[in-house]
Every structure is written in structure tokens, then in C-alpha cells.
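Trainee: Hi, can we go through this one together? I'd like to start with the strands.

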Amino acid sequence: MPAKESHEGRRFLRTTGQHAGIEADTLIDGAYILRIGGAEQSHVNLAEPAEIFYEYLRRIGHVVDLAAPRGQAVSALHLGAGALTLARYIEATRPGSVQHAVELERELLDFVLQKLPLPEGTRLTTHIGDARETLAELPAELDFDVVILDIFSGPEAPAHIACQEFYEEAAARLRPDGVLIVNIGDEAALTLVRSQVAAMRKAMTDVAAFAESGMFAGRYPGNIIVIGTRRPWPAEWTAELLARGPHPAAVLTGVDLDRISD
């Protein structure tokens, strides 16, 4: 009998000069952790891809859930691939969805797909390159129900992506009811969050922010999900997101969002 292939391993990433490692989660059977440079970067549950471990990714998943009727296939673009946790979630909850993933680090994407293969039937096209440059190079006829940007970490962000012009380009790729979902990891002062909310407000019809409620008080660093829509923000979405959590949760829109917008 052939030896069972291991999902664990290590790979050197030439673009960043760091090592990536995949190891089994000792607490959750069938789950694995991706580390880059020793820091935990992604969590994947191969046995139950619809179950998301990280709170901020669960919040993104809840927004995706609102983008189309339950179970309906969508077209999704992931800018920043990581371990493809959200691509797996979309395939598990919306089978047949057409997805594209953009990753700057070729070795990372190859490593993840080799060690943590996608579920059979997943319709995912991968692209290697800069998020904004690749967005511009995608075929003109491609548009999306969901565009997810997950590359910001800390107060510094690539200037050519953290700007109004990029959000305008991303918005142009959305279908009329589509959503742009941006994960922003920031310090307690929320400097990056403030600047990105302001930029998105100039590019999108409406903008909302979704996070653990303490994040908006500026008490500690963490993640805030900023959501842009091409139509007025549906009030029922606020109620849905607050109900789904993780708790405690807050959704800021309109004048409530003004206090974290430059």
C-alpha cells in the first residue's frame, strides 16, 4: 500500500526571502496551519471547509453569504490568496462558483495547492503577480459578485493599492449588486482603516465597516472588514451581520462611520 501523502511541509519563498510551513492543527482533526516567517498566516479545515477558524475570515464569509441567495454560485476574485481558505468556503457553500485568485508569491501558491489541495470540482483560476496590475490584465468581460482584498497587514500598505484609484478599478469589475470586501489589519489608532474608508467612500456608492465592537474604540490592534457596494447599503445586512457575529460585533455605516473616516 503506498504511503499516505503528508499535508505538512516547508517551502522557501524567493519573493520575500521567508520560509513557509504547513503543520497539522493539534486541536482540530483535518485542519492545518500555514505559517510564513514563523507567524501564523492562515488556517484551513480540509475536513470541513465551510468552518472558518479565524474571526475576521468568518466575518468576510458572512458578507459573502449576503452577496447572493443562499447556495447560488457566484463569481469571486481573491486578491491575496494565502491558503485559499475563503475560496474553499465559497466552493463548500456555493458549489459551482467561478473563482480567480491572485498571489504575488508563486512558491506560496504552488506550495499551498500541493500540500492542501482544493476540493474536487473547485473552479479556481490562479494568477501570479501584483494585485492591481493583475486586476487590470484580467479579460475585460470578467466581472464579479465578490472581490476580496486581503493583503493589508499593519499600518503600512502598498500605496498603489491603498488608494481611491485602485478601489475605482475594483468597483468597475463588480456586477451591479456586487460587493468589495477589504480586510484591514491595523494598529489601535486605526490610521490605515481611516484612510481606506475615506478612499473607498470616494469610489463606491456606499461603505460599511464590520468588526469586533472594541476595535472601533481604538483599544487594541486587530482586523476591520470594510465593505463597499455599488448600491445603497441594505439596512437588513446590518441586522444579519450583527446576528451572525462573531460576538460582540458592530457594523458602522453612514454618519456612524464618519468617526473613523478621515
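Mentor: Strands (E, at least two residues) and helices (H or I, at least four) are DSSP runs, numbered from the N terminus, and two strands pair if DSSP finds at least two bridges between them. Residues are numbered from 1 along each chain as its sequence is written. This is a predicted model, where local features need pLDDT of at least 70, side-chain atom pairs count only at pLDDT 80 or more, and totals for chains, interfaces and linings use all residues, while side-chain values use heavy atoms, without hydrogens or water.

Trainee: How many residues sit between the strands in the hairpin of E2 and E3?

Mentor: Six, and Gly 30 in that hairpin has a positive phi near 80 degrees. The two strands run antiparallel, joined by five bridges, with Leu 34 in E3 as the bridge partner of Ile 22.

Trainee: And E1 and E2, are they parallel or antiparallel?

Mentor: Antiparallel, over five bridges. Gly 9 faces Ile 22 of E2. Four residues separate E1 and E2 in their hairpin, where Gly 17 in the turn takes a positive phi of about 75 degrees.

Trainee: Switching topic: what's the strand order in the open sheet?

Mentor: Eight strands run E7-E6-E5-E8-E9-E11-E10-E12, with mixed pairing. E7 and E12 (249-253) are at the edges with a single partner strand each, so one side of each has no neighbour in the sheet. On average, neighbouring strands are turned by 15 degrees against each other, direction ignored.

Trainee: Which strands does H6 lie across?

Mentor: E8, E9, E10 (206-212) and E11 (222-229), at about 165 degrees to E9. Axes here are lines fitted to C-alpha atoms, for helices over the stretch in contact, with angles from 0 to 180 degrees between N-to-C directions; contact means heavy atoms within 4.5 Å.

Trainee: Which residues touch the most other members in the largest nonpolar core?

Mentor: Of its 40 residues, Phe 152, Tyr 167, Leu 180, Ile 224 and Ile 260 do. H6 (191-203) contributes the most, six residues. Such a core is a set of buried Ala, Val, Leu, Ile, Met, Phe, Trp, Tyr and Cys residues joined through side-chain atoms within 4.5 Å. Buried is under 20% relative accessible area, exposed over 50%, partly exposed in between (1.4 Å probe, protein chains only).

Trainee: What does Leu 180 touch?

Mentor: Leaving out residues up to four places away in sequence, its contacts include Val 147, Tyr 167, Met 200 and Ile 227.

Trainee: Last one: which residues of H3 are buried?

Mentor: In H3 (106-115), Glu 107, Leu 108, Leu 109, Phe 111, Val 112 and Lys 115. They pack against several elements, including E1 (9-13), H2 (85-93) and E7 (123-128).
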